[in-house]
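Biologist: Let us go through this structure together. I will ask what stands behind each label.

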Amino acid sequence: MKPLFGKVGIFGVGLLGGSVALGLKERFLAQEVHAYDQDPLALEKALFLGVVERVHAGLGPWVGELELGILAAPVGALPGLGRALAPLAHPQSLWTDVGSVKGEVVAALEGLFPRFLGGHPMAGSERAGVENAHAGLLQNAVWVLTPTERTAPEAKERVRQLVEALGAYPLEMPPLLHDRLVARVSHLPYLLAVALNRMVARSPERDLLMFLAAGGFRDLTRVASGSPRMSRDMVVTNREALREAVEELRGLLLELEELLEQPEALLEAAEEAKRTRDALPIVRRSLLPEMHDLVVQVPDRPGEIARVATALGEAGVNIKDLEVLTIREEAGALRLSFATREERETARRVLARAGYRLP
Ligand SMILES: NC(=O)C1=CN([C@@H]2O[C@H](COP(=O)(O)OP(=O)(O)OC[C@H]3O[C@@H](n4cnc5c(N)ncnc54)[C@H](O)[C@@H]3O)[C@@H](O)[C@H]2O)C=CC1
Ligand SMILES: O=C(O)C(=O)Cc1ccc(O)cc1
């Protein structure tokens, strides 16, 4: 059977580029996957890890052989990369990107390639580089696509096919709406993570603070561990929308500061926050069908996940998703997801009988 695409090129083979390449490979979606990166070490790793078939340290005639090109370098590098690629690209070739910001990027790229559609997979991790890439990163992820009046309908159809074939859910919206929304749910949280870490780093009590930082600080600041260059480009390129979001947050913080003198009103705010947070479907999997979660406390020692999985397996209960919630060193918790309420209740009984604590 013929794969969905002929030769595919990945431009910037880091966490995202590598994950797309692995998805193409695992699902037999491309005849051959080529990669270009400005960092020779990234290319070496991509080849060594078997993420792509061919690597190129420079752009050249090989680009003209591609049916599909995917730009996966940091947002600030995308327009320049596009300008270097456009004269080499086949006129019929299809182009897309995975950049975290769409307005400026789409405006720059859609003028360069006759068949272009901007994209942004809402999936990621706080680890950078191709060595952390895996196809599962994109599976079940919401993948925003940002067509404009200039987008060729057939280009849109082909990129949608790509996204669906990679196991993700395409969601269309205009580029600027995308930027306003992700400013609030992704870029502002990143900036906050930088601010919180900066507060600790600059404190004369830095060492003590580091020692005391528990789950809350870690959870809230996780995204600061990602690629600094990628994240810096993301917030700078989306600065207009982000400024608005920062302004909104500033107002909210002032409001909450005042509520410190009104405990009843603050309790209401806390309850509202809990309702909102608890209603998030499943973090990073927002358009998935409803899942039924169970959190189980486990001692931090070898074999615990296996014991939980075996107990459930023997009872015929299928675990659909699993997340390790590393809260403390001596104990942690697992979030287990099941397809049905019945399976979750069976799991609850099985694990309680096996002596596990279910908070
Ligand atoms: N990290 C994440 O969680 C997510 C990132 N994105 C977007 O994906 C893109 C890539 O980010 P990551 O894979 O996380 O970063 P990364 O740092 O893991 O990989 C970026 C790669 O691009 C290469 N690169 C930099 N400048 C280049 C240039 N001018 N030409 C060719 N290659 C170049 C780097 O050497 C590196 O190998 C960014 O546009 C980012 O906004 C989108 C969704 C999630
Ligand atoms: O790890 C996470 O949860 C993230 O939120 C990472 C991330 C970084 C950049 C994006 O454009 C999208 C997601």
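**Ligands, sheet and domains**

Modeller: Around ligand 2 there are eight residues, and Ser100, Gly124, Ser125, Glu126 and Ser186 come nearest. This is a predicted model: local features need pLDDT of at least 70, side-chain atom pairs count only at pLDDT 80 or more, and totals for chains, interfaces and linings use all residues. Residues are numbered from 1 along each chain as its sequence is written, while chains are lettered from A and ligands numbered from 1 in the order in which they are written.

Biologist: Which residues come nearest to ligand 1?

Modeller: Gly12, Gly14, Asp39, Ser100 and Gly124, out of 30 around ligand 1. The shell around ligand 1 has 16 nonpolar, twelve polar and two charged residues. The elements that give two or more residues to it are α1 (15-26), β6 and α9 (228-237). α1 gives the most, with three residues.

Biologist: What makes a run of residues a helix or a strand?

Modeller: Both are DSSP runs, numbered from the N terminus: helices are H or I with at least four residues, strands are E with at least two.

Biologist: Why is ligand 1 said to lie between domain 1 and domain 2?

Modeller: Domain 1 (5-173) and domain 2 (178-279) both give residues to the shell around ligand 1, so ligand 1 lies between them. The bounds come from an automatic or database domain assignment. That division also has domain 3 (292-353).

Biologist: How do domain 1 and domain 2 meet?

Modeller: Their centres, taken over C-alpha atoms, are separated by 30 Å. The contact takes 14 residues from domain 1 and 15 residues from domain 2. Contact between two residues means that their C-beta atoms, placed from the backbone, lie within 7 Å. On the side of domain 1 that touches domain 2, α4 and β7 each supply at least two residues.

Biologist: What makes β3 and β8 edge strands?

Modeller: The open sheet has eight strands in the order β3-β2-β1-β4-β5-β6-β7-β8, with mixed pairing. β3 (54-56) and β8 (169-172) each have a single partner strand, so one side of each is left without a neighbour in the sheet. Neighbouring strands are turned by 25° against each other on average, direction ignored.

Biologist: How do you know that β5 and β6 pair?

Modeller: Two strands pair if DSSP finds at least two bridges between them. Two bridges join β5 (residues 94-97) to β6 (residues 116-121), and these strands run parallel. Trp95 has Phe116 in β6 as its bridge partner. Helix α4 (residues 103-110) packs on the sheet, touching β5, β6 and β7 (142-146), and its direction makes about 150° with that of β6. Helix α5 (residues 153-165) touches β5, β6, β7 and β8, at about 25° to β6. Axes are lines fitted to C-alpha atoms, for helices over the stretch in contact, and angles run from 0 to 180 degrees between N-to-C directions.

Biologist: Why is β6 called largely enclosed?

Modeller: Six of the six residues of β6 are buried, so the strand is largely enclosed by the rest of the structure. A residue is buried if 20 or more other C-beta atoms lie within 10 Å of its own, exposed if 12 or fewer, and partly exposed in between; C-beta atoms are placed from the backbone. Phe116, Gly118 and His120 point one way, Leu117, Gly119 and Pro121 the other way.

Biologist: Why is Phe28 called exposed?

Modeller: Phe28 has 12 other C-beta atoms within 10 Å, so it is exposed. Its place is in the loop between α1 and β2 (30-36).

Biologist: What makes Asn140 partly exposed?

Modeller: Asn140 has 17 other C-beta atoms within 10 Å, so it is partly exposed. Asn140 lies in the loop between β6 and β7.

Key: Near = placed C-beta within 6 Å. Nonpolar A, V, L, I, M, F, W, Y, C, P; charged D, E, K, R; others polar.
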